[in-house]
Amino acid sequence: MTEPSAEQIARLIEAAQAAREKAYAPYSHFAVGAALLGADGKTYIGCNVENASYGLTVCAERAAIVGAVAAGCRNFLALAVVADTGAENIVTPCGACRQVLAEFSPDLTVVCANLAGQTAAYRLGGLLPHRFDLE
Ligand code: THU
């Protein structure tokens with residue numbers, strides 16, 4: 001698998017940060033943005049979309065992957081996730097999103113960032129060992 005360059009990662013974080021501005025989070029007030037770099041070179045963004053029926057909330061990461069698949073992309077090099085967690089913390093994708101991402105790119109590079117400019121990089125396989133899959 002092609003490794004994303006530092007420049008691609010930087011641009012992906014910017015895209016996730018911009019997507020975060022579009023978050024609809026009137027219940028939690030916790031806005032999250034995500035951006036996926038497709039193997040086709042395109043960037044697919046998502047933000048969290050909450051609902052008065054709380055359980056129907058869609059996370060930013062799943063919003064991004066659903067849009068990407070609908071646009072015809074099923075392979076991804078990297079994911080960036082951005083939230084405002086202060087300088088001490090960084091958000092990582094929830095378990096449900098890890099499983100959905102792993103359906104398409106189990107070895108995905110996952111870069112998490114906060115608005116204070118801190119980043120942390122993971123591999124999806126490390127965040128979700130022993131995923132449930134077709135086999
Ligand atoms: N959320 C995300 O969009 N992505 C994550 O990785 C963690 C949680 C959203 C869901 C909900 O709208 C809000 O953050 C609080 O849980």
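# A guided tour, starting from the cysteines

Begin by selecting the cysteines, among which the count of disulfides comes to 0. Keep in mind throughout the tour that this is a predicted model. A disulfide is a covalent bond between the sulfur atoms of two cysteines. Centre the view on C47, which takes part in no disulfide and whose nearest cysteine sulfur, that of C59, is 11 Å away. C47 is also buried, with a relative accessible area of 14%.

## The nonpolar cores

From here, select L36, F76, L79, L101, L108 and V110, which are the residues with the most contacts inside the largest nonpolar core, a set of 22 residues. To see which parts of the chain build this core, colour the elements that give two or more residues to it: the strands β1 (32-38), β3 (76-83) and β4 (109-114), together with the helices α2 (60-70), α3 (95-104) and α4 (124-127). Apart from this core lies another one, made of 13 residues, including I13, A16, L77 and V111.

Now return to L101 and show what surrounds it. Which residues is L101 in contact with, once its neighbours within four places in sequence are left aside? They are L36, E61, I65, L79, L108 and L124.

## Around the ligand

Turn to the ligand and display the residues that surround it, which are S28, F30, V32, N48, E50, T57, C59, A60, E61, T92, P93 and C94. In N48, a polar side-chain atom lies 2.9 Å from an oxygen atom of the ligand. In A60, by contrast, it is a polar backbone atom that is 2.9 Å from a ligand oxygen. In E61, an N or O atom of the side chain is 2.6 Å from an oxygen atom of the ligand, and E61 is also one of the residues in contact with L101. If you show the surface of the ligand, note that the ligand taken alone exposes 370 Å², of which the protein buries 78%.

Select V66 in helix α2. Is V66 buried or exposed? With 56% relative accessibility, V66 counts as exposed. A distance drawn from the C-alpha atom of V66 to that of G117, 51 residues apart along the chain, comes to 27 Å.

Go on to L128, in the segment after α4, which is buried with a relative accessible area of 19%. Leaving aside its neighbours within four places in sequence, L128 is in contact with R98, Q99 and A102. The C-alpha atoms of L128 and D107 are separated by 10.0 Å, while the two residues are 21 residues apart along the chain.

## Two histidines to finish

The last stops concern the backbone. H29, in the loop between α1 (6-20) and β1, has a positive phi of about 60° although it is not a glycine, and H29 is exposed, with a relative accessible area of 66%. Finally, select H130 in the segment after α4, where phi is again positive, near 60°, in a residue other than glycine. H130 is exposed, with a relative accessible area of 82%.

Terms used. Residues are numbered from 1 along each chain as its sequence is written. This is a predicted model: local features need pLDDT of at least 70, side-chain atom pairs count only at pLDDT 80 or more; totals for chains, interfaces and linings use all residues. Side-chain values use heavy atoms; hydrogens and water are left out. A nonpolar core is a set of buried Ala, Val, Leu, Ile, Met, Phe, Trp, Tyr and Cys residues joined through side-chain atoms within 4.5 Å. Buried means under 20% relative accessible area, exposed over 50%, partly exposed in between (1.4 Å probe, protein chains only). Helices (H or I, at least four residues) and strands (E, at least two) are DSSP runs, numbered from the N terminus. Contact means heavy atoms within 4.5 Å. A disulfide is a pair of cysteine sulfur atoms within 2.5 Å. A residue is near a molecule or strand if one of its heavy atoms lies within 4 Å of it. A polar contact is a pair of N or O atoms within 3.5 Å; within protein, one must be able to donate a hydrogen and the other to accept it, and residues adjacent in sequence count only if both atoms are side-chain atoms. Accessible areas come from the Shrake-Rupley method with a 1.4 Å probe; for residues, only the protein chains shown count as cover.
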